[in-house]
Amino acid sequence: MTFLQRAPEIVLGFDVSKDTLTVFEARSSSPSPKPCVIDNTAAAIRRFLKSLGRIDLAVCEPTGGHEHVLLVELMAAGIACHRVDALKVKAFIRSFGTLAKTDALDAEALARYGRDRWDRLSLFL
């Protein structure tokens, strides 16, 4: 298994659905921007990743294969990515007392999970 060697400064959390991706960017040095929604297509993902510049880690949940295009584009761009165990991230979210569930909250939780647990996350290859 492959793991990150140093703490990521910029982590993206992707809440994946069939047609769209809700993305939250967690940064260590500055406030995070609001979540955004992009199409779940190769072209839209490529444009989005290019617009951001540096990305240290991307995190998503398995969604019955709807995450496949995202993972392919992340790997093609050379971005470390992790597909989380849904039960682990659900427990992580609940540990903060969060009971609400929206795409934006899920994307934020995935990014924060990546920032918090980076040294234990195996990278998707």
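**Entry 1: around Asp56**

I began with the contacts of Asp56: setting aside neighbours within four places in sequence, I found Leu4, Pro8, Glu9, Ile10 and Ala80. A reminder to myself: this is a predicted model.

Next I looked for where Asp56 sits, and found it in the loop between helix H1 (42-52) and S4. Is Asp56 buried or exposed? Its relative accessible area is 12%, which is under 20%, so I noted Asp56 as buried.

Then I checked the polar atoms of its side chain. One of them lies 2.7 Å from the backbone nitrogen of Glu9. The Asp56 side chain also makes a polar contact with the side chain of Arg54, at 3.0 Å.

**Entry 2: on to strand S4**

I moved along to S4, which covers residues 57-60. Which way do its side chains point? Leu57 and Val59 point one way, Ala58 and Cys60 the other, and all are buried.

**Entry 3: the partners of S4**

I looked up which strands pair with S4. Strand S1 (residues 10-16) pairs with S4 in the parallel sense, over four bridges. Within that pairing I picked out Leu12, whose bridge partner in S4 is Ala58.

Strand S5 (residues 81-83) also pairs with S4 in the parallel sense, over three bridges. Here Cys60 has Arg83 of S5 as its bridge partner.

Last, I traced the path from S4 to S5: with helix H2 (residues 68-76), they make a right-handed β-α-β unit.

Note on methods
Residues numbered from 1 in each chain as written. Predicted model: local features only at pLDDT ≥ 70, side-chain atom pairs only at ≥ 80, totals over all residues. Heavy atoms only, no water. Buried < 20%, exposed > 50% of the residue type's maximum accessible area, 1.4 Å probe, protein only. Helix = DSSP H or I, 4+ residues; strand = E, 2+ residues; numbered from the N terminus. Pairing = 2+ DSSP bridges. Right-handed = clockwise from strand over helix to strand, strands pointing away. Polar contact = N/O pair within 3.5 Å; in protein donor to acceptor, adjacent residues only side chain to side chain. Contact = heavy atoms within 4.5 Å.
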